[in-house]
Amino acid sequence: MVKRSLALQLDEVVQAMLVSLQPRPEKSPDRELAALMRVGQVLRELPREEFRVALKNNLQRRASMSESTATSKVATGETEAREVHYLRPGLTSITPYVIVRPAAQFIEFLKSAFAGVERMRMPAPDGSVMHAEVAVGNGAIEVSDGNEEYPTAPGAIHLYVDDPDATYARTLQGGATSFYAPTDDHPSGDRWGAVKDLFGNHWYIAKPRGWTPGPEGLRSVQPYLHLREAHKMIPFLEAAFGAEAMGVHKSPQGTVAHATIRIGNATLEIDEAHGEFQPMPCHLHVYVPDTDAAYARALQAGATSIEAPRNAPYGDRAAGVKDAFGNSWFIATYLGR
Amino acid sequence: MCASLQSLRQGGGVTFSGAGSYIVRAMKATRRPARKRLARGTDEGVSGRAARGAGERVLVEAAQRDPAEFEALYELHFERVYAFVASRVRDRATAEDVTSEVFHKGLAGLPSYEWRGVPFVAWLLRIAANAIVDHAKRAAREFPAPDDLPEQALPLDLQASEMRAIEYRAQLFRLVGQLPQVQKQVVYERFVEQRSITEIAQRLGKTPGAVKQLQLRAVQNLRAQMEGGHG
């Protein structure tokens, strides 16, 4: 019986440790329990077996490749190590889902302006685009004509490209109007230009300046959300998706002048809506390790349900929520292996 | 200030200097011709650390000739590097990113690595320390506040106590793999996946009480082996 009670006691302290954000030093009067807890605290940082194996495989693949293919392959191998288990191949953790009409014409714009590659298109019975996926750089944009349930919702997207000036020029050829031409004076320090396309989407076209992307490479496609009371988005994303706020820059008034937020292997950006950059409630497709858990946490954090978790026919565990700002989040976990 | 930088600072940074440092002592320990010692074996009173250094040198040279041999170094040091990184970053995803970066850089940089008696793991941990700083810098790259950023990559010179802590954690990680299958599964589901006892009970087809017992036995096993294995 004594042993049984130790099992209960240990679980209580383990539970307390797992739910608290910071490992809490347990002041346990019981020496044995304290010793077990020291083990427990190390176990909390135990590496995932899948990660250990995936990284080993990537290194082996890398080692067997010829030396000439060096850097770009490092980036691919790098991300694969973590992508294996819940991301749909070809998609990162965050993909903008752009619903505009006519979607077919928008896809042509993505191809001509951004060298987009159409990977998939599923037509609806009436010939409109039910769902399409266009690769842009190392990211992707999902596209649909939408329907009554999902009306058009253009969004703002920050693209990293090799040549922002040329890309900017191509968007204008494709009918976009300019907010401003690429400049080195953007507060981010990047070379940065901005346009609005014929469909109402904003495109922030940039190239890094003064910093080097990590080995995971640069994410070409990042949704950019202009929000009212943008600071409230951060705790929501942290709670719902385990997001990490990186480099939150606040104005003297305390509003969010800019923040980058990471979910899984991808990032999105937010700022306080201002001037021409007003809220554009949009759709986002996020891949998470556990759709059901993320869905539940999102509701707890104030989102409303669009669709409860279900096994979608295309092989995802999928759910949908709408956040307090009116953005829809399609939450998914890739089930196929 | 971004979270990663904060955690970096809370960890006291990665600079550990002083005459009694692990690396300095390790260098002294392995200054004599290491390869000859290995050939003669370890029963001549050669210290364990020097023997490990010598064995490691063989592995490093093999990997320099054939990158496919890097796997042995990975197997030897994965847990150490991960333990080091995980203790300095905020979340699992970052720990995985950085660990992955360290080994990819290690593999890529192997041809330029020169054996000078410094343990290979120290070289990897130096890459890791730099990678953690880089990661924090990238995280703060938008509108960086100058006082948040270390000027340059910090030197890494670990204290023996720090190195012991890394060894302890790495050893514990390895021992989990040797637990009886069901205990191992409980450990991963509970501590890594962070599932509830109820959920694990359902998945294993056991009662919650039985899962708690398994959890206790697993942790007791690990503790006993950690205490028994090293005096």
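Two strands pair if DSSP finds at least two bridges between them; helices (H or I, at least four residues) and strands (E, at least two) are DSSP runs, numbered from the N terminus. This is a predicted model in which local features need pLDDT of at least 70 and side-chain atom pairs count only at pLDDT 80 or more, while totals for chains, interfaces and linings use all residues. Residues are numbered from 1 along each chain as its sequence is written, chains are lettered from A and ligands numbered from 1 in the order in which they are written, and side-chain values use heavy atoms, with hydrogens and water left out.

**View 1. The open sheet of chain A.** Eight strands are ordered β6-β7-β8-β5-β9-β12-β11-β10, with mixed pairing. β6 (177-183) and β10 are the edge strands, each pairing on one side only. Neighbouring strands are turned by 20° against each other on average, direction ignored (axes are lines fitted to C-alpha atoms, for helices over the stretch in contact; angles run from 0 to 180 degrees between N-to-C directions).

**View 2. Strand β11 (residues 256-263) of chain A.** Seven of its eight residues are buried, so the strand is largely enclosed by the rest of the structure (buried: under 20% relative accessible area, 1.4 Å probe, protein chains only). Five antiparallel bridges link β11(A) with β10 (residues 244-250) of chain A; A:His249 stands opposite A:His258, and A:Lys250 opposite A:Val256.

**View 3. The hairpin of β11(A) and β12(A).** Two residues separate the strands, and A:Gly264 has a positive phi near 55°. Five bridges join the antiparallel pair, one partner of A:Ala259 being A:Ile270 in β12(A).

Technical notes. Buried means under 20% relative accessible area, exposed over 50%, partly exposed in between (1.4 Å probe, protein chains only).
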